[in-house]
Amino acid sequence: MYDKAAEEMAHALELEPDLTSARFQLGLLYLTSGRVKEAGSVWAGLDELGAENPLFLFKKGMLHLVEDEFALCVEALRAGIELNSFNEDLNIDMRRVLVDAEKAMTKGMDGADVGPANGGKRMLLSLYECHENDES
């Protein structure tokens, strides 16, 4: 159903490019599907929101995550959660990612192996697997 959801959101953005929540969600769908370049392209439309907007900060954090830049990811996600007063469900998802990124960051600072490259990409997939299990 991810492909159908992505198609519908992309169509909605064609009709109304200012739907920032839909733009963020479409980028997130692309990212969790391993389509990082497409996510970045869709999320480029969030840049004009600026660094004080939670969606801008969340996209920034998620892009740092897939590059295994955990400290930068944590910084951006924390700031986004603090500023996000309009979508608590999104904060819940971002907190899940934040916890995993903090664990990965801590392991890296301790000198322990944080796993193969692109651990951040695996975290994204596990986020949605966990979320689906929460709803059952």
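Visitor: Which residues of H4 are buried?

Guide: The buried residues of H4 are Pro54, Leu55, Phe56, Leu57, Phe58, Lys59, Gly61, Met62, His64, Leu65 and Val66. Buried means under 20% relative accessible area, with exposed over 50% and partly exposed in between (1.4 Å probe, protein chains only). Helices are DSSP runs of H or I, at least four residues, numbered from the N terminus. This is a predicted model: local features need pLDDT of at least 70, side-chain atom pairs count only at pLDDT 80 or more, and totals for chains, interfaces and linings use all residues. Residues are numbered from 1 along each chain as its sequence is written, and side-chain values use heavy atoms, leaving out hydrogens and water.

Visitor: Why is H4 largely enclosed?

Guide: Eleven of its 13 residues are buried, so the rest of the structure largely encloses H4.

Visitor: What follows H4?

Guide: Asp68, with a positive phi, near 60°.

Visitor: New topic. How many residues are in the largest nonpolar core?

Guide: It has 31 residues, and Phe24, Trp43, Phe58, Met62, Leu77 and Met94 have the most contacts inside it. Such a core is a set of buried Ala, Val, Leu, Ile, Met, Phe, Trp, Tyr and Cys residues joined through side-chain atoms within 4.5 Å.

Visitor: What is Trp43 in contact with?

Guide: Leaving aside neighbours within four places in sequence, Trp43 is in contact with Arg23, Phe24, Gly27, Leu28, Leu31, Lys59, Met62 and Leu63. Contact means heavy atoms within 4.5 Å.

Visitor: And Leu26, buried or exposed?

Guide: Leu26 is buried, at 2% relative accessible area. Leu26 lies in helix H2.

Note on methods: Helix = DSSP H or I, 4+ residues; strand = E, 2+ residues; numbered from the N terminus.
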